[in-house]
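Take a first look at the structure below.

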Amino acid sequence: KGGGEGKCLYIDTEGTFRPGRLAPIAERFKMNVQDVLENIAYARAHNTEHQTDLLAHAAAMMADSRFSLVIVDSVTNLYRSEYNGRGELSARQVHLGRFLRQLTRIAEEFQVAVLVTNQVQAVVDGGMAYGPTFKPIGGHILAHATTTRLQLQKGRGDTRKAKLICNPGLPERDALFGITEAGVDDANDK
């Protein structure tokens, strides 16, 4: 029940959005599938400049219609492929920071929730033998631009684990959940 009573904007940098997945989820909640699909504005970003330009288009759309959620999946994907090596790290972080500030401005101006997914990379540093084996892409720029950070891990079968990494008002904790044909559900203990 409830919801944001507005549309969703989905910016896809990886080409993984599957509208067909929404039908069983909508049916589970007794919603009209066509209405659900019509309330999602989808855009495929092809490079970092296009990804940034999409935010200007998003602001124009939000001025005309009520949106409640913006999803960027994955915020760092195109940056990884366009900016290579340490020589371009500074330029990448500056551009990513500019994108994130623009996204924050949209969130504040239009009172929308923002969800960004991110990629991780392997930690190959020999000093991390007992620590994490991967770290998020985007560094401190991305970490400081977000209020809540979750780490998702695949478990057995449909089970997933969400770990709250950072939130100003909550302690770190874990929760198990399931990904089913009908969407997010309780974890299956079988």
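**Aromatic pairs**

Searching the whole structure turns up four aromatic pairs. Rings of Phe, Tyr and Trp (its six-membered ring) pair if their centres lie within 6.5 Å; planes under 30 degrees apart count as stacked, over 60 as edge-to-face and the rest as tilted. Tyr10 sits in strand 1 (residues 7–12) and Tyr42 in strand 2 (residues 40–44), 32 residues apart, so the pair links distant parts of the chain. Helices (H or I, at least four residues) and strands (E, at least two) are DSSP runs, numbered from the N terminus.

This is a predicted model: local features need pLDDT of at least 70, side-chain atom pairs count only at pLDDT 80 or more, and totals for chains, interfaces and linings use all residues. Residues are numbered from 1 along each chain as its sequence is written, and side-chain values use heavy atoms, leaving out hydrogens and water.

Tyr10 is buried, at 11% relative accessible area. Tyr42 is partly exposed, at 39%. Buried means under 20% relative accessible area, exposed over 50%, partly exposed in between (1.4 Å probe, protein chains only).

Tyr42 also pairs with Phe17: the ring centres are 5.0 Å apart and the planes at 25 degrees, so this pair is stacked. Phe17 lies in the loop between strand 1 and helix 1 (22–28), so the pair ties together parts 25 residues apart in sequence. Phe17 is buried, at 17%. Tyr10, Phe17 and Tyr42 form one aromatic cluster.
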